[in-house]
Amino acid sequence: MIKIPELVCNVCGARKEVPICCNKSMMVKDDYLLCCCSDECAYQPIPECCGQSMEYYE
Ligand SMILES: [Zn+2]
Ligand SMILES: [Zn+2]
């Protein structure tokens, strides 16, 4: 079974699928979402909910 990582808001409990890049879930590093394949491929801020960054759960 493949586990899909999620972004979860610690305040309201909202869940969101981690964005996909190069057919893989993006990973979190230094408060940004990165593509696993390359640092330059894709790079975006972690989505916010209730005024704070959502937390990454695997
Ligand atoms: Zn990529
Ligand atoms: Zn929220």
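**View 1. E55 and the residues it touches.** Leaving aside neighbours within four places in sequence, E55 is in contact with E6, L7, V8 and N10, where contact means heavy atoms within 4.5 Å. This is a predicted model, in which local features need pLDDT of at least 70 and side-chain atom pairs count only at pLDDT 80 or more, while totals for chains, interfaces and linings use all residues. As for bookkeeping, residues are numbered from 1 along each chain as its sequence is written, chains are lettered from A and ligands numbered from 1 in the order in which they are written, and side-chain values use heavy atoms, with hydrogens and water left out. Look for E55 in strand β10, residues 55-57; strands are DSSP runs of E with at least two residues, helices are runs of H or I with at least four, and both are numbered from the N terminus. Along the chain, E55 and L7 are 48 residues apart, yet C-alpha to C-alpha they are 5.3 Å apart in space. E55 counts as partly exposed, because its relative accessibility is 35%; buried means under 20% relative accessible area, exposed means over 50%, and partly exposed is in between (1.4 Å probe, protein chains only).

**View 2. E48 on strand β8.** You'll find E48 in strand β8. With a relative accessible area of 57%, E48 is exposed. Once neighbours within four places in sequence are set aside, E48 is in contact with S53 and M54. V8 is 40 residues away from E48 along the chain, and their C-alpha atoms are separated by 9.7 Å.

**View 3. C9 and the nonpolar core.** Which residues make up the largest nonpolar core? They are L7, C9, V18, C21, M26, L33, C35, A42, I46, C49 and M54, eleven residues in all. A nonpolar core here is a set of buried Ala, Val, Leu, Ile, Met, Phe, Trp, Tyr and Cys residues joined through side-chain atoms within 4.5 Å. In soluble globular proteins, nonpolar side chains tend to be buried together. Zoom in on C9: apart from neighbours within four places in sequence, C9 is in contact with A14, C49, C50 and M54.

**View 4. Two loop residues with positive phi.** Most residues other than glycine have a negative phi. D31 has a phi near 65°, a positive value in a residue other than glycine. It is found in the loop between β5 (27-29) and β6 (32-34), and at 61% relative accessibility D31 counts as exposed. C50 also has a positive phi, near 55°. The loop that holds C50 runs between β8 (48-49) and β9 (52-53), and C50 is partly exposed, with a relative accessible area of 47%.

**View 5. Stepping back to the whole chain.** How many helices and strands does the protein chain have? The tally is zero helices and ten strands. The radius of gyration of the protein chain is 11 Å, close to the 10 Å that the globule rule gives for 58 residues, so the chain is as compact as a globular protein of that length. That radius is taken over C-alpha atoms, and the globule rule is 2.2 Å times the number of residues to the power 0.38. Along its principal axes, the C-alpha trace spans about 30 × 30 × 15 Å. Buried residues make up 26% of the 58 residues. Among contacts between residues at least 6 apart in sequence, 37% join residues at least 24 apart.
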